[in-house]
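Morning, everyone. Please have a look at the sequence and the model on the screen, and then I'll walk you through it.

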Amino acid sequence: MRHFLTNNVLDPDKDWELVSQGHKFTEGPAVDAEGNVFFSDIPNNRIHRIGVDGRVTVFKENSGGANGLMFGPDGRLYACQNGRKRIVAYARDGSESVIAEGVESNDLAVNARREIYFTDPANKRVWFIDASGNKRVVHEGIAFPNGIRFSPDQSFLAVTDTAGRWIWSFQVQPDGSLANGVPFHRLEIPEEVESGAIWSGADGMAVDSEGFLYVATKIGIQICDPIGRTVAILNKPQSADPSNVAFGGPGFDTLYVTSRDKVFRRPIRRKGAVPWVAVKPPKPRL
């Protein structure tokens, strides 16, 4: 694992850098086309913006308990507004449009066709919203579906199970249905805990341009290759468990991590896949 990190991912001269602090619980990092990173502070009902210059500002007050965020091909910021039981989209000026109502949600993924998938942990569901706003359940049964992301070519959908050690993989069908769902990526788990069940705590994810997953877990940011192996683990930027991760910056080559009251970043030798363009990744190396 260390060999893979030092030769393929990390800049040995760089470490985690604190970007923002003083929040209650940070989540949902998402990047726009310029490389600015947005994140939610759920208890404080705010969405913040980290500019490419590093300056942190408030993008949206009274965000309705927004959690997962993701930019779409239309330049809008889509959000799981779970406090108001709906999915919404924000224009650049912060004005809000309702996409779906009457749903529980945690995290979401948007593709180049402006279709949305989102997780509903409370009901063990994954939902789909087509480009016209019609919604339906497309999978049920994962113990705690949480993070959700597309492969770079958007033909597969990955869903983390916080209460287990697997990331599920699904084939995306032309009508939005999910087929051939399997527990695919096997995560490392803590060797021991003081009490309770042993589980990965897998939360949010990011995907690089080669199809590698970067997964926020209890033991750090686990990196999974396209054929299902955990090939490296990045140390947590602080003792608190990370909640989510995203690529940002002008070159999409800086890894941002939300972690309880803070947000951290570090430059790496990979570039993130962006949701508004479907790109075929290189053939996986065995």
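A disulfide here is a pair of cysteine sulfur atoms within 2.5 Å. By that rule, the structure holds zero disulfides. Keep in mind that this is a predicted model. Two cysteines deserve a mention. Cys80 is buried, at 0% relative accessible area. Cys224 is buried as well, with a relative accessible area of 0%.

Now the sheets. Cys224 aside, look at the open sheet of four strands, in the order β18-β19-β20-β21. The pairing is antiparallel. Which strands stand at the edges? They are β18, residues 205–207, and β21, residues 230–234. Each has a single partner strand, so one side of each is left without a neighbour in the sheet. On average, neighbouring strands of this sheet are turned by 20° against each other, direction ignored.

Strand β19 covers residues 213–217, and strand β20 covers residues 220–224. Five bridges join these two antiparallel strands. Thr217 stands opposite Gly220 in β20. As a reminder, strands of a sheet pair through backbone hydrogen bonds, either parallel or antiparallel.

Next, β12, residues 125–129. How many of its five residues are buried? Four, so the strand is mostly covered, with buried meaning under 20% relative accessible area. On one side, β12 pairs with β11, residues 116–120, in the antiparallel sense over five bridges. Phe118 has Trp127 of β12 as its bridge partner. The hairpin of β11 and β12 has four residues between the strands, and Lys124 takes a positive phi there, near 55°.

β12 also pairs with β13, residues 135–140. Again the strands run antiparallel, joined by five bridges. The hairpin of β12 and β13 has five residues between the strands. In that hairpin, Gly133 takes a positive phi near 95°.

On to the cores. The largest nonpolar core has 21 residues. Which residues have the most contacts inside it? Phe38, Ile47, Ile50, Leu69, Leu77 and Tyr90. The elements giving two or more residues to this core are β2, β3, β4, β6, β7 and β8. Take Ile50 from that list. Beyond four places in sequence, Ile50 touches Val19, Asn36, Val37, Phe39, Arg55, Val56, Tyr256 and Val263. There is a second, separate core of 18 residues, which includes Val9, Leu234, Val245 and Phe247.

Start with Arg266, in strand β24, residues 262–267. Buried or exposed? Arg266 has 7% relative accessibility, so it counts as buried. A polar atom of the Arg266 side chain lies 2.9 Å from the backbone oxygen of Lys14. Leaving aside neighbours within four places in sequence, the contacts of Arg266 include Leu10, Asp15, Trp16 and Asp253.

Then Thr160, in strand β15, residues 156–161. Thr160 is at 0% relative accessibility, and therefore counts as buried. A polar atom of its side chain lies 2.7 Å from the backbone nitrogen of Gly147. Not counting residues up to four places away in sequence, Thr160 touches several residues, among them Phe144, Trp166, Ala202, Met205 and Val215.

That's the tour. Questions, please.

Key. Residues numbered from 1 in each chain as written. Predicted model: local features only at pLDDT ≥ 70, side-chain atom pairs only at ≥ 80, totals over all residues. Heavy atoms only, no water. Pairing = 2+ DSSP bridges. Axes fitted to C-alpha atoms, helices over the stretch in contact; angles between N-to-C directions. Buried < 20%, exposed > 50% of the residue type's maximum accessible area, 1.4 Å probe, protein only. Polar contact = N/O pair within 3.5 Å; in protein donor to acceptor, adjacent residues only side chain to side chain. Contact = heavy atoms within 4.5 Å. Core = buried A, V, L, I, M, F, W, Y, C linked by side-chain atoms within 4.5 Å.
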